[in-house]
Amino acid sequence: MVSILSTARRYGSYGANFLLGTGAEAMGKKIGQSVKVRSKTGMSLPKAVGYGFKKGFAESQKGVAKLGFLHNIAHTFQGIGHDISAAWKGSKGLKKLSGLKSIGKAMPLIMNVLWLAQSVPDIVSRTKDEGILGGLKETGKTLANMAIISVASAAGAALFGLPGTILAPMAVSMLTTPIIGEPYSVKKQEAAEAQKQAQVQQQTSNPFMSQPVAGSKLDVTSYA
């Protein structure tokens with residue numbers, strides 16, 4: 001029993017570090033670096049992504065095993081403050097803004113926190129409508145999107161700098177959303193709209209289902 005709990009705790013830490021710590025940042029960085037030098041190494045794009053994924057995963061696990069994911073989060077934000085302070089003291093004019101580049105290190109965490117916050121109502125709504133199984137499915141969809149966003153953000157930063165932290169997740173989401181699925185609120189809204197359109201179409205095709213407009217002549221030619 002102790003062994004099972006210990007294993008669950010360890011893998012829980014790996015997952016938390018990947019989604020909210022530095023795991024995705026390390027993995028995305030390695031993927032970006034591998035893609036950037038693939039022409040020199042002779043690797044194809046899929047092979048470069050796979051190699052970076054493997055190296056980043058190993059580095060992430062090593063960091064969690066040594067310090068824990070909470071320390072990694074704290075270290076990330078401490079590094080941002082240090083970089084901004086150093087740039088402000090050692091530069092002049094617009095060069096002082098160079099320290100803002102370090103914010104890219106925290107973008108995977110920031111974007112995942114925002115994504116999780118907006119996904120909670122969907123998880124609660126689907127759980128109410130479909131029960132625990134539906135809630136678990138929506139939770140799994142949310143976690144999958146968080147993982148994709150965080151890795152894409154970090155890889156984009158490694159390839160294109162700060163703009164890549166925002167543009168890369170947007171581009172990747174366009175490819176993965178048809179596979180993973182839209183958020184539950186969007187699907188629910190689309191279903192309601194489709195039902196409404198079906199009712200309108202049914203009334204249009206069958207005039208005897210329409211109600212006469214109040215105040216109009218009550219004959220078979222007067223319908224709403």
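The model is predicted, so local features need pLDDT of at least 70 and side-chain atom pairs count only at pLDDT 80 or more, while totals for chains, interfaces and linings use all residues. Residues are numbered from 1 along each chain as its sequence is written, and side-chain values use heavy atoms, with hydrogens and water left out.

**Whole chain**
- The protein chain has 8 helices and 0 strands. Helices (H or I, at least four residues) and strands (E, at least two) are DSSP runs, numbered from the N terminus.
- The pattern along the sequence is α-α-α-α-α-α-α-α.
- Of the 224 residues in the protein chain, 30% are buried. Buried means under 20% relative accessible area, exposed means over 50%, and partly exposed lies in between (1.4 Å probe, protein chains only).
- The accessible surface is about 14600 Å², and 66% of this surface belongs to carbon and sulfur atoms. Areas come from the Shrake-Rupley method with a 1.4 Å probe; for residues, only the protein chains shown count as cover.
- Take the contacts (heavy atoms within 4.5 Å) between residues at least 6 apart in sequence: 60% of them join residues at least 24 apart.

**Helix 2**
- Helix 2 spans residues 23–36, which is 14 residues.
- From first C-alpha to last, helix 2 reaches 20 Å, close to the 20 Å expected at 1.5 Å a residue. The expected span is 1.5 Å times one less than the number of residues.
- Its buried residues are Gly 23, Ala 24, Ala 26, Met 27, Gly 28, Ile 31, Gly 32, Ser 34 and Val 35.

**The largest nonpolar core**
- This core has 8 residues: Ala 24, Met 27, Ile 31, Val 35, Met 43, Ala 48, Val 151 and Ala 155.
- Helix 2 and helix 6 each supply at least two residues of the core. The largest share, 4 residues, comes from helix 2.
- A nonpolar core is a set of buried Ala, Val, Leu, Ile, Met, Phe, Trp, Tyr and Cys residues joined through side-chain atoms within 4.5 Å.
- Leaving aside neighbours within four places in sequence, Val 35 is in contact with Leu 45, Ala 48, Val 49 and Leu 159.

**Two single residues**
- Leu 116 lies in helix 6 (residues 107–160). Leu 116 counts as partly exposed because its relative accessible area is 33%.
- Ser 173 is found in helix 7 (residues 162–180). Ser 173 counts as buried because its relative accessibility is 19%.
- Beyond neighbours within four places in sequence, Ser 173 is in contact with Ile 149 and Pro 178.
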